[in-house]
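The report that follows describes a two-part reading of the coordinates, beginning with a single side chain and widening from there. Please keep the sequence and the structure open while reading.

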Amino acid sequence: MTRSNPPDPSGLDEPSPSARTPGAGPGVRPGASPDSGGPGGRLCAEAVTLAYGRTTVVHEVGLTVEEGGVGLVGESGSGKTTLARALLGLLAPRSGRITYGGRDLAAMRRGERAGFRGAVQPVFQDGSDALDPRMRLGSSIAEALAAHHRLDRAARRARVAELLTDVGLDPELAARRPHEVSGGQRQRAAIARALAVEPRVLVLDEPTSALDVTVQARVLDLLEDLRAGRGLTYLLITHNLAVVDRLCRTCHVMFAGRVVESGPARELLTRPAHPYTLALRDAVPRIGGAPPRAAGRTDAVPAAEGCAFRLRCPLAVDRCRTQAPAPRPVQGRVVACHRAEEVLAGAARK
Amino acid sequence: MTTLALRRTPLRRLGDLARADVLAAVGLVVLVLIVLAALLAPWIAPYPDDGGAATHPAEALLPPGGDHWFGTDQVGRDVLSRVLFGARTSLFIAAAVLVVAAVAGVALGVVAGYAGGWARDVIMRITDVFLAFPALLLSLALAVVLQPSVTTVVVAIAVTWWPWYARLTASVAASVGRRGYIDAARCLGVPAPLIIVRHVLPNSLTPVLVQLSLDGGGVILTAAALSYLGLGAHEPTAEWGLMVEQGQTLFTTDWWVVTFPGLAILVTAFAFNVLGEGLRASLDPHRRPR
């Protein structure tokens, strides 16, 4: 069972994780060196369109998971989770391509794909959904170990204990089932499972949204520590802008399946250039501050023609109705809005 | 309580159920007794030879009394002994049918549900074809073609029963397939067959278990019907449906010959049904606590 995967790329049975470079096995990546962005190469979406049946959810989105962390924000239904599934190789693009280390996921052969699997791992929102309810936490983590390393029983057990300790859990918890531990512990266990394969990139899909605020803070601490300690790169999907500010250097804002604004996270969140980013930011309640404003008329459906956001946009003009704004560079970021300069100048704020 | 019960081991779950639901507990106890009676028939039957081809013409059609609690039949065999031996036949048929139907149905259903796409389409269209026939009619047709025997009954019923399990399992497996832990396993590169066996199957079985206990009664009734129609078990095998058939003409004069095997069918089917209902209720997350 543990042998169903391609041999360790190092060609050795020696389980030293540091000796392992994902996707660099013999015959895995002939000749080509990774195109920068760490030893495993970069994870990219190139003009990716995603659809469920006839419903197109993501329209020609491009995105690169760069060092320093990338945030992907937007409201429910904006397509961010769907895009994440595609980046994880769980959903094939309708058009465009997902690449890792410059190689198209769809064109990868078995060995290469195993390398990708070992390099890009997910952490989902809800630990109780992400862990098999019938499996002990230790078994879930051991399954991840078995998928990429050949270890004997004792070594595997020791490694499970090590991973649990790494994420701040008591190794004793290995014997518990998911419903027998708290939500924060479940999420830590899910992170430990992802770490078991020594990934380069973690795709974090609302990793703290299902947790209490105090537990959220501690899981975020853990994520920061792990990134520093293991050289991980994060793609963080969330609607919590504060979390993006903390974990990401770059941020992309999605609306109705399109990226409407991308740029340096801090700048983008403090001085939005797209009315939707602004609305998202102002929708966050602040203690002692002005009451939050809904992100535009949230009941309005995305417009089919012109700018998708125009029905909710306080700045919409005739041009927005007839002409969909193309993404263009504006003051160090890329914005899809005809009136980005005015937004930056404070036009949307009264 | 209810959510906890979902995660207990099956045995503990039965214990919880017995405490929560008296009727289901009665069903469980009755079933256990029937199974014991079937297993121990050669030892507890007052006239073990009467379970087979023995005849005692001198004692034909004696009414229930001290020597023969349930009376005797046309050839003088003890009806109680034959009812006990009949439990073996009926429970064997029920078990065999359910095992065959559940194994085939669950195996196909879990693949169809998890794989989706053309695999699901092919498997589900095949089940649709089977489900398009009235079950008893299809069983009858098969039983007529094959030689009347207990094996025939098993085959004939199992053929009409597995599609239900396939359909049930497919729908459950499809929803399990959308859970996060399946995505997580896929991201780890766990091969699909292993994902099915390790994650999808174990998490899809609960409704199947409920369906199994609900179906026990139905299979016994169908088996009795086939034997009653002369397409299943035949003399001298003790089988409840066959005994009812043989005794029905005597009902007005010698009521016991048909009544006791008939009651046995009724009680067994009833026990299966209340147990199944109880299991279903206890596993239904929407049920309000009583």
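## Aromatic pairs and their surroundings

B:Trp162 is buried, with a relative accessible area of 12%, in a model that is predicted. The structure holds eight aromatic pairs over all chains, and one of them, in chain A, joins A:Tyr100 to A:Phe116 in an edge-to-face arrangement. A:Tyr100 belongs to strand E4 (residues 95-100) of chain A and A:Phe116 to helix H2 (residues 110-119) of chain A, so this pair ties together parts that are 16 residues apart in sequence. Both A:Tyr100 and A:Phe116 are buried. In chain B, the ring centres of B:Phe130 and B:Trp162 lie 5.2 Å apart with the planes at 65°, so this pair, too, is edge-to-face. Because B:Phe130 sits in helix H5 (residues 117-132) of chain B and B:Trp162 in helix H7 (residues 150-176) of chain B, the pair ties together parts that are 32 residues apart in sequence.

| Aromatic pair | Centre to centre | Angle between planes |
|---|---|---|
| A:Tyr100 and A:Phe116 | 5.7 Å | 65° |
| B:Phe130 and B:Trp162 | 5.2 Å | 65° |

Chain B also holds an aromatic cluster, which is formed by B:Phe70, B:Trp255, B:Trp256 and B:Phe260.

## The open sheet of chain A

The strand that carries A:Tyr100 is part of a sheet. Four strands of chain A form this open sheet in the order E2-E1-E4-E5, with antiparallel pairing. Strand E2 (55-65) and strand E5 (103-104) of chain A are the edge strands, each of them pairing on one side only. Inside the sheet, strand E1 (residues 43-52) of chain A and E4(A) are joined by five bridges in the antiparallel sense, and A:Tyr100 in E4(A) is the bridge partner of A:Leu43. Helix H1 (residues 80-87) of chain A packs on this sheet, where it touches E1, E2 and E4 of chain A, and its direction makes about 120° with that of E1(A).

## An enclosed strand in chain A

Which way do the side chains of strand E9 of chain A point, and are they buried or exposed? A:Thr250, A:His252 and A:Met254 point one way from E9(A), whereas A:Cys251, A:Val253 and A:Phe255 point the other way, and all are buried. As six of the six residues of strand E9 (residues 250-255) of chain A are buried, the strand is largely enclosed by the rest of the structure.

E9(A) has a parallel partner in strand E3 (residues 70-73) of chain A, to which four bridges join it, and A:Leu72 stands opposite A:His252 in this pairing. With strand E10 (residues 258-264) of chain A, E9(A) pairs in the antiparallel sense over six bridges, and here A:Phe255 has A:Arg258 in E10(A) as its bridge partner. The hairpin made by E9(A) and E10(A) has two residues between the strands, and A:Ala256 takes a positive phi near 50° in it.

Elsewhere in chain A, A:Gly168 is found in the loop between helix H5 (153-166) and helix H6 (183-195) of chain A. A:Gly168 counts as exposed, with a relative accessibility of 52%. The C-alpha atoms of A:Gly168 and A:Ala192 are 9.5 Å apart, although these residues are separated by 24 residues in sequence.

Chain B has eleven helices and zero strands, and its C-alpha trace spans about 75 × 45 × 30 Å along the principal axes. Of the 290 residues in chain B, 49% are buried. Where contacts in chain B join residues at least 6 apart in sequence, 71% of them join residues at least 24 apart. The accessible surface of chain B amounts to about 13,700 Å², and 71% of it belongs to carbon and sulfur atoms.

Between them, chain A and chain B bury about 2,100 Å², of which 53% is on carbon and sulfur atoms. On the side of chain A, A:Asp129, A:Arg134 and A:Glu143 supply 27% of the area that this chain buries against chain B, more than any other three residues.

Technical notes:
Residues numbered from 1 in each chain as written. Chains lettered and ligands numbered in written order. Predicted model: local features only at pLDDT ≥ 70, side-chain atom pairs only at ≥ 80, totals over all residues. Heavy atoms only, no water. Phe/Tyr/Trp six-rings, centres within 6.5 Å; stacked < 30°, edge-to-face > 60°. Buried < 20%, exposed > 50% of the residue type's maximum accessible area, 1.4 Å probe, protein only. Pairing = 2+ DSSP bridges. Contact = heavy atoms within 4.5 Å. Axes fitted to C-alpha atoms, helices over the stretch in contact; angles between N-to-C directions. Areas by Shrake-Rupley, 256 points an atom, 1.4 Å probe, with all protein chains shown as cover. Buried area = accessible area lost by both parts, 1.4 Å probe.
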